[in-house]
Amino acid sequence: MTAISPPGEPHVVRGPAGALAVRVRGDSTKPAVVMTHSILSSSMMWNEQAALLAARGYRVVCVDTRGHGDSECRHDRCTMDDLGADTLAVMDALGIARAHYVGLSLGGMSGFGLGLRHSERISSLLLCDARADAPPAVAAPWDERIAQAIEARSCAPLAGPTIERWFGKPFVEAKPALAEGLRQVACATSVTGFVACARAIQGLDYRHVERIDTAATLIVGRHDGVLPLAMQDLHERMGGSVFEVIDGSGHLPNIDQPAAFNAAMLRHFERLQRRD
């Protein structure tokens, strides 16, 4: 992945907490894929994958999460269900009855909720580097990050440490232009949006993943802390799901190992085509 600016001007959709920016590629008559991103990022992180899926015949909708990218956020509190409602609002505005859903990190977390609460709207789930719950050890660090952003009135203090935590220092040093572009996107995230989404992460509770009956693939970077084990457990509880580990990758495998990630992503959609 080399480009970090999103392609074209966004469509604006009215969401529950303000205007939501979406970027659409592909034929409106084709099956829809909705893609959502991590906290302190934007829909630009899916540029390469969105282009690839559009070329394969999908209508791809990349959404800026509330308070991120070009999307508004009017309130500093929300839940994962609220983020799922944003996705449904985008689908409704674009006339999409059902969509394949691709989410990473924060986007993956809300994806578990969509699978549990709104399976009639979701054709399949591709969930990456995400938990389905937030035990105290996961929830606690967000208090300090929230306080930092509020005190600085900016997400800038969080940007550098976040990028290094996602990719590791060697990646940042080897690809400074890409790392700087990602840092700038993180800096531009609104404090209100960051705080709202961080609080949603702290309240994450979609532990009953065994109730999800939607076709699902779980993908994780091998070096993403405890997430490989956590996601393997989720896979084992989600009957019929597929589990893929991306070697040499951290928290955003679609960026630091795009070839391997893209291959895993395409396998997901090829499995669905064979099933149909």
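These legends accompany close-up views of a predicted model. Residue numbers start from 1 along each chain as its sequence is written, and side-chain values use heavy atoms, with hydrogens and water left out. Local features need pLDDT of at least 70, side-chain atom pairs count only at pLDDT 80 or more, and totals for chains, interfaces and linings use all residues.

**View A. The largest nonpolar core.** This core has 89 residues. (A nonpolar core is a set of buried Ala, Val, Leu, Ile, Met, Phe, Trp, Tyr and Cys residues joined through side-chain atoms within 4.5 Å; buried means under 20% relative accessible area, with a 1.4 Å probe and protein chains only.) Met35, Ile39, Leu53, Met80, Phe112 and Phe194 have the most contacts inside it. Helix H9 (residues 191–202) supplies the largest share, 7 residues. (Helices are DSSP runs of H or I, at least four residues; strands are runs of E, at least two; both are numbered from the N terminus.)

**View B. Surroundings of Ile39.** Leaving aside residues up to four places away in sequence, Ile39 touches His68, Leu106, Trp142, Trp166, Phe194, Cys197, Ala198 and Ile201. (Contact means heavy atoms within 4.5 Å.)

**View C. Strand S7, residues 216–221.** 6 of the 6 residues are buried, so S7 is largely enclosed by the rest of the structure. Ala216, Leu218 and Val220 cover one side; Thr217, Ile219 and Gly221 lie on the other.

**View D. Partners of S7.** Strand S6 (residues 122–128) runs parallel to S7, joined by 4 bridges. (Strands pair if DSSP finds at least two bridges between them.) Leu126 stands opposite Thr217. Strand S8 (residues 242–246) also pairs with S7 in the parallel sense, over 5 bridges. Here Thr217 faces Val242.

Definitions and conventions:
Buried means under 20% relative accessible area, exposed over 50%, partly exposed in between (1.4 Å probe, protein chains only).
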